[in-house]
Amino acid sequence: EAFQRRYPAIDIRVSAHDAIADLDDPELDLALRYCSPASVPPGSVHLFDETMTPTVSRGLWERIGLGTAPPLARPADLAGHTLLEEDDDRPSSEYLSWRHWLAGHGEPKLEPGRWVYLNFTYQQVQAALAGHGVALGRMPMIYEALQRGDIGRLMAVWSDDDEISCVHPGGPRVVGAVAIRSAFESIFANGAVDARPEKVRRLQTHACAVHSVLEHIRIMTTEGPKSAWVVATNVYVLGAQGWRLVSHHASPGSPREAQEIVEAASVLH
């Protein structure tokens with residue numbers, strides 16, 4: 001989108017498929033590959049990672065809380081549930097599979113109560129929403145909710161812990177779901193927020209992920225459209241409902257893109 005705004009006269013052709021494109025093809029200007037780090041060609045630029053998380057329906061989650069369904073507090077608990085898997089033999093589907101996720105979370109040999117295989121991702125999501133099992137879904141995107149002004153979807157990203165906190169640029173620390181929702185409702189009263197992650201740095205352990213994000217914010221003012229850059233820190237915790245946001249802290253906005261100072265990696269002995 002930003003490229004099209006900057007170069008409106010340039011024609012764009014996007015070809016999306018699972019075949020590995022030949023980088024020497026004269027018809028190819030830019031290749032974006034979704035692959036493992038081991039398959040990355042020399043000289044490539046890392047754009048983003050992807051975090052998958054177990055997803056369940058509200059009904060199943062409520063039954064888990066009441067004790068009428070098996071617990072779901074750690075990866076090993078998935079053995080008591082039905083896992084909804086995509087029935088796809090394309091190479092790219094490996095990274096979206098339960099086997100890949102389980103291996104990365106210390107349970108490579110786990111067997112669930114049963115498997116249900118479906119052809120398409122949207123079928124997995126529909127089955128999960130209907131309470132038929134646990135699907136793997138991409139981590140909820142807070143920025144998409146901001147761009148739509150969707151308060152319900154935005155709050156679904158957050159944990160239900162009493163101590164969740166949020167700091168908007170130049171604002172006070174807001175604690176608790178009710179207060180955070182009220183703060184976002186006040187922001188959305190002026191329209192949706194066009195906030196886009198430009199650069200993301202991630203640190204992740206088994207149950208905690210910290211994302212340092214350079215956000216590009218675009219807003220409409222009485223003087224016309226304005227842009228600002230904000231550095232935000234988002235902290236996610238892995239729980240029974242998957243990855244959920246527990247803290248969002250945004251710096252005051254700057255009219256210029258914030259510079260990044262990167263120190264060379266060191267080795268501790």
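Author: A patch joins residues with over 30% relative accessible area and no salt bridge, linking like charges within 9 Å and nonpolar side chains (Val, Leu, Ile, Met, Phe, Trp, Tyr) within 5 Å. Areas are Shrake-Rupley values with a 1.4 Å probe, only the protein chains shown counting as cover; a salt bridge puts a Lys or Arg side-chain nitrogen within 4 Å of an Asp or Glu carboxyl oxygen. The model is predicted: local features need pLDDT of at least 70 and side-chain atom pairs 80 or more, while totals for chains, interfaces and linings use all residues. Numbering starts from 1 along each chain as its sequence is written, and side-chain values use heavy atoms, without hydrogens or water.

Phe 3, Tyr 7, Ile 10, Ile 12 and Val 14 make a nonpolar patch of about 510 Å². Ile 12 sits in the loop between α1 and β1 (helices are DSSP runs of H or I, at least four residues; strands are E, at least two; both are numbered from the N terminus). That loop, between α1 (2–6) and β1 (52–55), also holds Glu 27. Glu 27 is exposed at 66% relative accessible area (exposed is over 50%, buried under 20%, partly exposed in between).

Rings of Phe, Tyr and Trp (its six-membered ring) pair with centres within 6.5 Å; planes under 30 degrees apart are stacked, over 60 edge-to-face, the rest tilted. Trp 98 and Trp 101 are edge-to-face because their centres are 5.6 Å apart and their planes at 80 degrees. Both lie in helix α3 (residues 98–104), about one turn apart, and both are buried. Phe 184 and Phe 188 form a tilted pair, 6.2 Å between centres and 40 degrees between planes. They are four residues apart in helix α7 (residues 177–188) and therefore separated by about one helical turn. Phe 184 is buried at 3% relative accessibility, and Phe 188 is buried at 13%.

Definitions and conventions
Buried < 20%, exposed > 50% of the residue type's maximum accessible area, 1.4 Å probe, protein only.
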